[in-house]
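Colleague: Could you walk me through how to read the features of a model like this one? I would like the general idea each time, and then the case at hand.

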Amino acid sequence: MSSSYNTIGQLHSDRKSISVINYKGRKCVIKIYGENEKPQTEARIMRSVSMTGYAPEVIESRDNYLICEFIEGQSFAEAYRQATMSDDEKALVNLASRLCIFLQMFYTLNEGSILGKADFDDFIIVNDRCCCVSFSGVKKGLPFQDIAGMVAYATCNAVGNYYSAYPFVKKVLDCFHLSALDIINDMDEYFQIFSEEKGLPVDRESIEAVLLSFEDTAFDWEMISSQRSNE
């Protein structure tokens with residue numbers, strides 16, 4: 001590394017060492033990669049997206065590490081959990097809209113690629129924008145595969161019950177002109193990840209039933225949210 005740095009603290013990571021550091025007079029994040037991992041792809045994607053203001057600036061990248069700016073903002077995952085806890089329809093729709101704007105921009109810049117990793121912890125809300133701080137899962141694919149992961153994450157992490165995810169899920173599906181049937185089969189791998197790696201309770205059959213009910217013209221979100229508020 002071209003200069004020494006002081007570690008401030010550790011960040012959550014499921015695969016690599018990620019720390020907040022002081023580096024060249026700036027607050028940054030350093031990602032240390034494993035022996036079989038290379039930062040080049042993530043650095044390239046992050047550089048292209050950062051030019052739009054939706055990702056951190058890459059400060060330095062070498063064979064086994066990546067240093068990028070530290071972005072201050074609100075945790076997207078926490079904002080989502082809070083919104084589902086209170087059945088805040090407006091907040092959930094706004095969060096979904098911000099995420100969709102980011103995704104549409106990402107697919108335009110990186111045609112043929114997807115994020116490949118559904119984790120709301122990878123997103124931060126900065127100046128009303130949904131910014132992505134990790135591109136470690138980027139791979140070749142089609143957008144609906146990413147959407148399947150986002151919907152799977154949204155339902156599994158909804159506070160209360162799966163129905164709490166309705167405003168968010170409906171907005172995401174509508175933005176990409178998809179139905180629940182279009183993505184259900186591609187949600188399986190994410191259910192397995194959430195269950196095995198994150199320890200989340202996943203009831204696949206119940207989730208699928210809830211998602212399909214969203215497509216029913218008789219579905220009444222206001223009634224369900226009213227019932228939940230009286231519980």
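**Reading the fold and its helix packing**

Modeller: Among contacts in the chain between residues at least 6 apart in sequence, 65% join residues at least 24 apart. Please keep in mind that this is a predicted model, where local features need pLDDT of at least 70, side-chain atom pairs count only at pLDDT 80 or more, and totals for chains, interfaces and linings use all residues. Residues are numbered from 1 along each chain as its sequence is written, and side-chain values use heavy atoms, with hydrogens and water left out.

Colleague: How many helices and strands are in the chain?

Modeller: Helices (H or I, at least four residues) and strands (E, at least two) are DSSP runs, numbered from the N terminus. The chain has 9 helices and 10 strands.

Colleague: And what does the radius of gyration say about the chain?

Modeller: The radius is taken over C-alpha atoms, and the globule rule is 2.2 Å times the number of residues to the power 0.38. For 231 residues a compact globule would have a radius near 17 Å, and the chain agrees with this at 18 Å. Along the principal axes, its C-alpha atoms fill a box of roughly 60 × 35 × 35 Å.

Colleague: How should I read two packed helices?

Modeller: Such a pair is described by the angle between the axes and the distance between the axes. Axes are lines fitted to C-alpha atoms, for helices over the stretch in contact, and angles run from 0 to 180 degrees between N-to-C directions. Here α3 (residues 89-109) and α4 (residues 143-156) pack at about 155°, with axes 11 Å apart. The two are therefore roughly antiparallel, a term for angles over 145 degrees.

Colleague: Which residues make the contact of α3 and α4?

Modeller: L99, L103 and Y107 come from α3, while P143, D146, I147 and M150 come from α4. By class, that contact has 6 nonpolar, no polar and 1 charged residues. Nonpolar covers Ala, Val, Leu, Ile, Met, Phe, Trp, Tyr, Cys and Pro; charged covers Asp, Glu, Lys and Arg; the others, Gly among them, are polar.

Colleague: At what angle do α1 and α3 cross?

Modeller: The axes of α1 (residues 40-50) and α3 cross at roughly 115° and come within 11 Å. In α1, I45, S48 and V49 meet F102, M105, F106 and L109 of α3. The residues of this contact divide into 6 nonpolar, 1 polar and no charged.

Colleague: Now burial, please: what share of the residues is buried?

Modeller: Buried means under 20% relative accessible area, exposed over 50%, and partly exposed in between (1.4 Å probe, protein chains only). Buried residues make up 47% of the 231 in the chain.

Colleague: D87 and D128: is each buried or exposed?

Modeller: D87, in the loop between α2 (76-85) and α3, counts as buried at 14% relative accessibility. D128, in the loop between β8 (123-126) and β9 (129-132), is exposed at 52%. Backbone angles are worth a look too: although not a glycine, D87 has a positive phi of about 50°. D128, also not a glycine, has a positive phi of about 70°.

Colleague: How far apart are A91 and F168?

Modeller: They are 77 residues apart in sequence and 8.7 Å apart in space, C-alpha to C-alpha. A91 is found in helix α3 and is partly exposed, with a relative accessible area of 25%.

How values were computed. Parallel < 35°, antiparallel > 145°, perpendicular 65-115°, else oblique. Contact = heavy atoms within 4.5 Å.
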